[in-house]
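Thank you for asking me to look over this model with you. Please keep the sequence and the 3D view open while you read my remarks.

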Amino acid sequence: MDVSEMFDRMPFNDRLGIELVEIGDGYAIGELDLGIEHSSNPDRMIAHGGVTYSLADTIAGAAVVAANEIVTPTVDMRIDYLAPATGGTLRAEAEIIRNGNSVAAVEVTITDDRGRTIATARGTYKAGGATGETAWRDDPAT
């Protein structure tokens with residue numbers, strides 16, 4: 001499964017502006033250039049928490065897809081917001097810390113251009129055991 005190609009075809013990534021920068025077996029790095037459309041404040045740029053969460057979830061999922069070569073839906077994600085994102089580029093670095101037979105656990109760090117940690121997250125993803133039709137495909141053989 002070509003994770004980069006799958007990632008490039010996701011409409012949500014295009015909508016938010018999430019770019020996959022690097023992908024490997026069990027890790028991924030992605031970036032998002034913040035714009036006013038990402039702000040939760042009409043008067044100044046303060047990224048909505050959902051933007052940061054979406055970046056973390058998307059890049060963590062890419063790491064799991066790369067490791068398992070199957071689509072890996074999110075089971076759960078916990079995020080700690082540590083500083084406001086006020087502009088520039090957010091960078092997410094995700095690494096699998098446990099890849100089991102049915103689920104994978106991933107840690108993610110989100111930083112800004114100045115190297116400040118904006119958020120940390122830990123997600124759990126379905127990593128195996130799925131058979132048959134899924135929301136991602138009609139034909140279980142693909």
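Predicted model: local features only at pLDDT ≥ 70, side-chain atom pairs only at ≥ 80, totals over all residues.

1. I would begin with the largest nonpolar core, which has 36 residues, and in which Leu34, Leu55, Ile59, Val106, Val108 and Ile110 touch the most other members. Several elements each supply at least two residues of this core, including α1 (3-8), β1 (18-24), β2 (27-33) and β5 (103-111). The helix α3 gives the most, with 10 residues. As general background, nonpolar side chains in soluble globular proteins tend to be buried together.

2. The strands β5 and β6 run antiparallel and are joined by 9 bridges. They form a hairpin with 5 residues between them, and in the turn Gly115 has a positive phi of about 85°. On β6 there is also a pairing with β3, again antiparallel, through 7 bridges, and here Thr74 stands opposite Tyr125.

3. Finally, which residue other than glycine has a positive phi, near 55°? This is Glu69, which lies in the loop between α3 and β3. Glu69 counts as exposed because its relative accessibility is 54%, and the cut-off for exposed is over 50%.

Conventions: Residues numbered from 1 in each chain as written. Heavy atoms only, no water. Core = buried A, V, L, I, M, F, W, Y, C linked by side-chain atoms within 4.5 Å. Buried < 20%, exposed > 50% of the residue type's maximum accessible area, 1.4 Å probe, protein only. Helix = DSSP H or I, 4+ residues; strand = E, 2+ residues; numbered from the N terminus. Pairing = 2+ DSSP bridges.
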